[in-house]
Amino acid sequence: MELERKLAILADAAKYDASCSSSGSKRASQAKGAVGNAHVSGICHSWADDGRCISLLKILFSNACVYDCAYCLNRRSNDVPRATFTVDEVVDLTMGFYKRNYIEGLFLSSAVMGTPDATMEKLLEVVSKLRLQRGYHGYIHMKSIPGASLELVRRTGLLVDRMSVNIELPSEGSLKVLAPEKEKKSILTPMAYIGKGIREVALERKKSLRTPLFVPAGQSTQLIVGASPESDLQILRLAEGLYGGYNLKRVYYSAYVAVNRDHRLPVPLKPPLRREHRLYQADWLLRYYGFKACELLDEGRPDFDPLLDPKAHWALRNMHFFPVEVNTADRESLLRVPGLGVQSVKRILRIRRTLSLDFETLRKIGVVLKRARYFLTCNGRMYEPFSFREGVIREALVEPEERQTPTGRLFFPRLRSGDLPLPLSTPKGGG
Amino acid sequence: MRILRYDGRFESLLTLLPQWERGERIIADGGGPVAFLGALERRVEANPIEAAETASTLRKRGGETLFRLLRYAFFSELAGREEALGEFYQAVLRFGREADRHYELPGVVKTVEMAKRTGRDVHRWKGFLRFRLLGDGVFYAPFEPDHNVLPFLTAHFRKRLGDQEWMVHDLKRSIAALCRGGRVGYARVEAPGWLLRSPSLRDAPDGFYAEEEERFQELWKGFFRSIAIESRKNLKLQRQFMPKKYQRYLLEKEELPGSSPAKALKRGFEG
């Protein structure tokens, strides 16, 4: 098969993986013949027609899978064109693309060919060749194949920048139904192992910089949103646990795209993009804004309001917290103001040591007041006299065109637990 | 009115900054009217020793961060930058590392804003630059940045591309940076007319690009098409991140051959 054709098939097969980040790693070499470095802040090189950034050559090594997961395009029982790269093909593509500045690095994953160990060995062969023979020092993100031996995971971790094990579905129950060949254990064991390795190496490197790097850009995972009945609260709690307990750098959320017809799956007309977006916003609140999952949602309201971002959603239910005084409030309080981001807060804290801030100065230093103005005072003064009531502010925060569709979910029917058709027999083709 | 003239180079500006007084205008050669009626004019020539002193004062008083800010602001090439930098320089002398907090000074606000614009341009081009392998083995990237970002990009690619021989060419300003064996040199380089009309491979004369170049470009375009999810298509979002002005140099956004007969025809007439 021609390389063009292979690349088309194996890029197409990899595109549902949401991870694109190339940040968090600093790797460089001045050695003769060496090429590449990893840029701490990450660089996007292009944006695809779906508006997602392209920073890595994101491909599967092979899409010839022995598994049969319900949500996956590459499942065994699907009739799709199959292809498998050779090690040299992937190495040459990566080098050729990298030298031309098309990409920031390689994202390598694969369907399970034969056994998890055999698959993982192939991937390891690719990264070994890049790093050790071709002097490649650019970014590499490699998937850890669930079920592969921890020794292979360890050897990979010493060569790549980031590893990830996809958790795929937000609960064990859903995993059993939709991905019967994957076990919770085969996902969490390597994740815990990588997390432990990262922690240990970080400690060792404090003592000696000679300690070899181990997954320096951290590990991430991905879960599919909208293929199973979990609420936003359940998903967010899971993410919180992963950040806390497994040292994860990122959790990616992927709106379920109906690639398969399967009686175990809902049939959304469009992927639940709005919901995915809200989860990402909430994820940021967990990682950078000091929020807890239980503050953002509760059992009474386990899902986000499609019309409001999670922070505004929280603010409107906690009006007693506002208004916040720009000139005296601490960092934590400022971070809770809708419309103020980490950068704006940093700037406010820095500049107010010199100047007393009013709304005009805030605007000058680049703080966007569109939403923040309802929740702030400058030296006791509000932006404009208005009634400080939840209903009024809510009305002001929702974009006019949004008000047309009061449910916001008109096009994204979501199934709740009761709606999910339970499989009566063993799922088709399942092991 | 009093006017200071200089040749427009960074080194000359550093020579000039300590001499500047509030109210004076600074005009770079070719950057303003040739003469002002009744104005008092003075010319300042670059003095490497004085320039180095200014740089060291700035670094000592304001730290590396503020010196970098000033450099970024200068290379934005935005109108009125010199007077803003004059005010910024005085703010650094007065307030040290905290100068950039003084938003009550218009020159400080403007400097921060200009530096931000250059920074954004630098970051974008770090991603958008596309190297093409020439017939003689040099990786060549033509581009047209809004601001004069070449010096900043050079530092980035020197670290990244190692021993590889490469050239980044600012077509708007006709300056190129050439890197050979890890060492960088700058030169004035005029691009041939066909290249200015279209950087595309198919408009180049035979032998200009290396033979393998077309294959890699085709592979990249194929990858670009395959990686998009059809049901999430969002061209508006794509344009937001990749504004039109950058797309001319992005191989993946080149129209497919024959997709626009009107343009092809026009090219035919011009060529």
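1. Helix 2 against helix 3, chain B. In this predicted model, helix 2 of chain B meets helix 3 of chain B through two sets of residues. Helix 2 contributes B:Leu58, B:Arg61, B:Gly62, B:Leu66, B:Leu70, B:Ala73 and B:Phe74. Helix 3 answers with B:Arg81, B:Leu85, B:Phe88, B:Val92 and B:Leu93. By class, the residues of this contact are nine nonpolar, one polar and two charged.

2. Geometry of that pair. Helix 2 of chain B covers residues 48-74, and helix 3 of chain B covers residues 81-95. They pack at an angle of about 165°, and their axes lie 10 Å apart. Because of that angle, helix 2 of chain B is roughly antiparallel to helix 3 of chain B. Their crossing is right-handed.

3. A sheet in chain A. Three strands of chain A form an open sheet in the order 9-10-11, and the pairing is mixed. Strand 9 (324-325) and strand 11 (381-382) of chain A are the edge strands, each pairing on one side only. Strand 10 of chain A (residues 376-378) runs parallel to strand 9 of chain A, joined by two bridges. A:Glu325 has A:Thr377 of strand 10 as its bridge partner.

4. The contact between the chains. Chain A gives 44 residues and chain B gives 40 residues. Several elements of chain A each supply at least two residues to its side, among them strand 1 (46-47), helix 2 (87-99) and helix 12 (342-351). Helix 1 of chain A provides the largest share, six residues. The side of chain A that touches chain B divides into 22 nonpolar, 10 polar and 12 charged residues.

How values were computed. Residues are numbered from 1 along each chain as its sequence is written. Chains are lettered from A and ligands numbered from 1 in the order in which they are written. This is a predicted model: local features need pLDDT of at least 70, side-chain atom pairs count only at pLDDT 80 or more; totals for chains, interfaces and linings use all residues. Axes are lines fitted to C-alpha atoms, for helices over the stretch in contact, and angles run from 0 to 180 degrees between N-to-C directions. Helices (H or I, at least four residues) and strands (E, at least two) are DSSP runs, numbered from the N terminus. Angles under 35 degrees count as roughly parallel, over 145 as roughly antiparallel, 65 to 115 as roughly perpendicular and the rest as oblique. A crossing is left-handed if the near helix is turned anticlockwise from the far one by less than a right angle, and right-handed if clockwise. Two residues are in contact if their C-beta atoms, placed from the backbone, lie within 7 Å. Ala, Val, Leu, Ile, Met, Phe, Trp, Tyr, Cys and Pro count as nonpolar, Asp, Glu, Lys and Arg as charged, and the others, Gly among them, as polar. Two strands pair if DSSP finds at least two bridges between them.
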